[in-house]
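Please look over the sequence and the structure shown here before reading on. The report that follows takes up a few helices and then some single residues.

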Amino acid sequence: MEIFDYDNILLLPRKCRVESRSECDTSVEFGPRRFALPVVPANMKTVIDEPITEWLAANGHFYVMHRFEIDTLAYAKQMRAKGLFVSISSGVKPADYQVIDHLALEGVGADYVTIDVAHGHAESVRRMIEHIKEKLPTTFVIAGNVATPEAVIDLENWGADATKVGVGPGKVCITKLKTGFGTGGWQLSALKWCARVASKPIVADGGIRHHGDIAKSIRFGASMVMIGSLFAGHEESPGRTVEVDGQMFKEYYGSASDFNKGEYKHVEGKRILEPIKGRLADTLREMREDVQSSISYGGGTRLADLRKVNYVVLGGENAGEHLLM
């Protein structure tokens, strides 16, 4: 198979069909709801918190609340009380089963549950999918993370409604260095590989460095794109604010880092500092405008039209370029 990543791909323009790129529809249907953009901030402690998820839900965006140092049941009740949809994360340990049980027993439920483990192609994930489907049968279950077509097929057969693809391609992930495994450096190719066998939505998770990478993800099969570093570092981001040589930064670290775990054990993440980049709402507005531009370059009027465009693969230092029709 071809091996490439976001920096190795350029999409090819088609004849424009709109008078203004603002006519292009960036919305996406994902599970039981439609959202303004096919992007979601990573469910990481330095990327989102309760106020951010409330704002996202109230303004037509998808979110996934993280599962670290939070009372998930109380959080779900709070979102319900405010008339907002509930989208939470789950692990696969006994305490996670108890959370699902309480959500069911108290009638709170959840619209979306993301089973969020580093290696999602596992029997523990199969058991958790089955448990959620038994206790909360109408909940849309996203399972991951995985890296292969075999894993996508298994998770779908186990009952997952969507699969999250990406093992270690994120900016604060060091999985490939610590373990020798992962999709770091070929995440876009892995996405293409997995999407070919998927019959349900794919969430591309990690490796996004520029807004144009959103369009590339959609082109190669993603329905939703999970983004960490581009959403970290905003004024309202929960990461600690740090000043270095007069410039302000926000702390950003991986969920598998010792900073998040509280101990140095099975560490596959690191900490970096992201320059503060203004307000989250402004970034989402710019993302929407950029995706609209992508759709117009692709000769389309809606997001799905990006799936139809051709692309160029750039070789080493742009040598040996070839067109894939």
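## Starting point: Glu50

In which helix is the place of Glu50? Glu50 has its place in helix H1, where helices (H or I, at least four residues) and strands (E, at least two) are DSSP runs, numbered from the N terminus. The model is a predicted one, in which local features need pLDDT of at least 70 and side-chain atom pairs count only at pLDDT 80 or more, while totals for chains, interfaces and linings use all residues. Residues are numbered from 1 along each chain as its sequence is written, and side-chain values use heavy atoms, with hydrogens and water left out.

With a relative accessible area of 30%, Glu50 is partly exposed; here buried means under 20% relative accessible area, exposed over 50%, and partly exposed in between, for a 1.4 Å probe and protein chains only. Leaving aside neighbours within four places in sequence, Glu50 is in contact (heavy atoms within 4.5 Å) with Met65, Ile70, Tyr75 and Gln78. Glu50 and His66 are 16 residues apart in sequence, and their C-alpha atoms are 9.4 Å apart in space.

## Helices H1 and H2

Helix H1 covers residues 50-58, and its axis comes within 12 Å of the axis of H2, the two crossing at roughly 35°. For these values, axes are lines fitted to C-alpha atoms, for helices over the stretch in contact, and angles run from 0 to 180 degrees between N-to-C directions. The crossing is right-handed; a crossing is called left-handed if the near helix is turned anticlockwise from the far one by less than a right angle, and right-handed if clockwise. On the H1 side Glu50, Thr53, Glu54 and Ala57 take part, and they meet Tyr75, Gln78 and Met79 in H2. By class, this contact of H1 with H2 has three nonpolar, two polar and two charged residues, where Ala, Val, Leu, Ile, Met, Phe, Trp, Tyr, Cys and Pro count as nonpolar, Asp, Glu, Lys and Arg as charged, and the others, Gly among them, as polar.

In H2 the buried residues are Thr72, Leu73, Tyr75, Ala76 and Met79. They cover an arc of only 160° around the axis, which puts them on the same side of H2; the arc is that of the directions from the helix axis to the C-beta atoms. What covers these buried residues of H2 includes H1, E5 and H3.

## The loop between H1 and H2

His61 is found in the loop between H1 and H2, and at 9% relative accessibility His61 counts as buried. Not counting residues up to four places away in sequence, His61 touches Phe35, Ala36, Leu37, Trp55, Leu56, Phe85 and Leu284. Glu69 lies in the loop between H1 and H2 as well, but at 73% relative accessibility Glu69 counts as exposed. Although Glu69 is not a glycine, it has a positive phi of about 55°.

## Helix H3

Helix H3 takes in residues 94-105, and at 1.5 Å a residue its 12 residues should span 16 Å, which agrees with the 16 Å between its end C-alpha atoms; the expected span is 1.5 Å times one less than the number of residues. Asp96, Ile100 and Leu103 are the buried residues of H3. They cover an arc of only 60° around the axis, which puts them on the same side of H3. On the other side of H3, Pro94 and Leu105 are exposed.

The cover over the buried residues of H3 includes helix H2 (72-81), strand E5 (87-90) and helix H4 (123-135). Just after H3, Gly107 takes a positive phi of about 70°.

## Further along the chain

Strand E7, residues 140-146, holds Asn145, and the peptide bond from Gly144 to Asn145 is cis, with omega near 5°. Asp245 is found in the loop between strand E11 (241-244) and strand E12 (247-253). Phi of Asp245 is near 50°, a positive value in a residue other than glycine, and Asp245 is exposed, with a relative accessible area of 79%.

Gln292 lies in helix H10, residues 280-297, and counts as buried at 4% relative accessibility. Not counting residues up to four places away in sequence, Gln292 touches Arg21, Ser22, Cys24 and Thr26.
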